[in-house]
Amino acid sequence: MSAQCPVVLVGLPGAGKSKVGRLLAERLCVDHIDTDALVVEREGRPIADIFATDGEAAFRVMETEAVADALTHDAVVSLGGGAAATPAVRELLSGHTVVYIDAPHEELVRRTASKTHRPLLADDPSGTLARLRTEREPHYRSVATIVVESGSGPVDDVVTAIAQQLEHA
């Protein structure tokens, strides 16, 4: 099944890209690469600090470089929530297997409400997630080759749904 790699996961903050990515990579016996973690590792500072010091535009450049590097590996690649909104990233994703993990608004709010590492959601998580869905969902759908729903059920259900679709792709 690794012949289909890289398999790229996209979706809003809280959709489960990192957790699903780790578990899917285990199931496929490949590495997992989280592009947000890659940026943090390269920069030596948290994303919130990058946003505060350098701004979102600078972060998006760093993120695009991380995506380009990650796509050269036989891996499951979890992208940050805003990556697919960047035209250069959408170009990089062309021709790859891209899974859009879609979750209901209430579930995203529940999953992200107590998190402090998401600078874009700091002030108004519900309102910000609604705005981000409006802005980003067209980009997720434009790059997706597979769409999977993620609700309040076990994460293994999402991993299994993706694995089944990969088998039939």
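In this report Lys and Arg count as positive and Asp and Glu as negative, while His and the chain ends are not counted. The place of a charge is taken as NZ of Lys, CZ of Arg, CG of Asp or CD of Glu. On that basis the chain carries 16 positive and 25 negative side chains, and the centres of the two sets are 4 Å apart.

The structure is a predicted model, in which local features need pLDDT of at least 70 and side-chain atom pairs count only at pLDDT 80 or more, whereas totals for chains, interfaces and linings use all residues. Residues are numbered from 1 along each chain as its sequence is written, and side-chain values use heavy atoms, with hydrogens and water left out.

## The chain as a whole

Helices (H or I, at least four residues) and strands (E, at least two) are DSSP runs, numbered from the N terminus. The chain has eight helices and five strands. Read from the N terminus, the order of these elements is β-α-β-α-α-α-β-α-β-α-α-β-α. The radius of gyration of the chain is 15 Å, close to the 15 Å that the globule rule gives for 169 residues, so the chain is as compact as a globular protein of that length. That radius is taken over C-alpha atoms, and the globule rule is 2.2 Å times the number of residues to the power 0.38. Along the principal axes, the C-alpha atoms fill a box of roughly 45 × 35 × 25 Å.

Burial is judged by relative accessible area: buried means under 20%, exposed over 50%, and partly exposed in between (1.4 Å probe, protein chains only). Of the 169 residues, 46% count as buried. The chain exposes about 8,100 Å², and carbon and sulfur atoms supply 50% of this area. Such areas come from the Shrake-Rupley method with a 1.4 Å probe; for residues, only the protein chains shown count as cover.

A contact means heavy atoms within 4.5 Å. Among contacts with a separation of 6 or more, 73% are between residues 24 or more positions apart.

L9 is found in strand β1 (residues 7-10). With a relative accessible area of 0%, L9 is buried. Leaving aside residues up to four places away in sequence, L9 touches a set of residues including K17, L24, V76, V99 and I162. The C-alpha atoms of L9 and V147 are separated by 9.8 Å, although the two residues are 138 residues apart along the chain.

T97 belongs to strand β4 (residues 97-102). Its relative accessibility is 18%, so T97 counts as buried. With residues up to four places away in sequence again left out, the contacts of T97 are Q4, P6, V7, V8, T145, I146 and L166.

## Salt bridges

Side chains of opposite charge can pair when their charged atoms come close. A salt bridge is counted when a side-chain nitrogen of Lys or Arg is within 4 Å of a carboxyl oxygen of Asp or Glu. By this rule there are 12 salt bridges. Three of them are listed here.

| Salt bridge | N to O distance |
|---|---|
| E107 and R110 | 2.6 Å |
| E135 and R131 | 3.0 Å |
| E137 and R133 | 3.9 Å |

E107 and R110 both lie in helix α6 (residues 105-112), three residues apart, which is about one turn of the helix. E107 is buried at 9% relative accessibility, whereas R110 is exposed at 55%.

Helix α7 (residues 125-143) holds both E135 and R131, four residues apart, or about one turn of the helix. E135 is partly exposed at 39% relative accessibility, and R131 is partly exposed at 40%.

E137 and R133 also lie in helix α7, four residues apart, about one turn of the helix. R133 has a relative accessible area of 18% and is buried. Salt bridges with shared partners join D102, R133, E137 and R141 into one network.

## Backbone details

The peptide bond from C5 to P6 is cis, with omega near 5°. P6 lies in the segment before β1.

C29 is not a glycine, yet it has a positive phi of about 60°. C29 sits in the loop between α1 (17-28) and β2 (31-34). At 71% relative accessibility, C29 counts as exposed.
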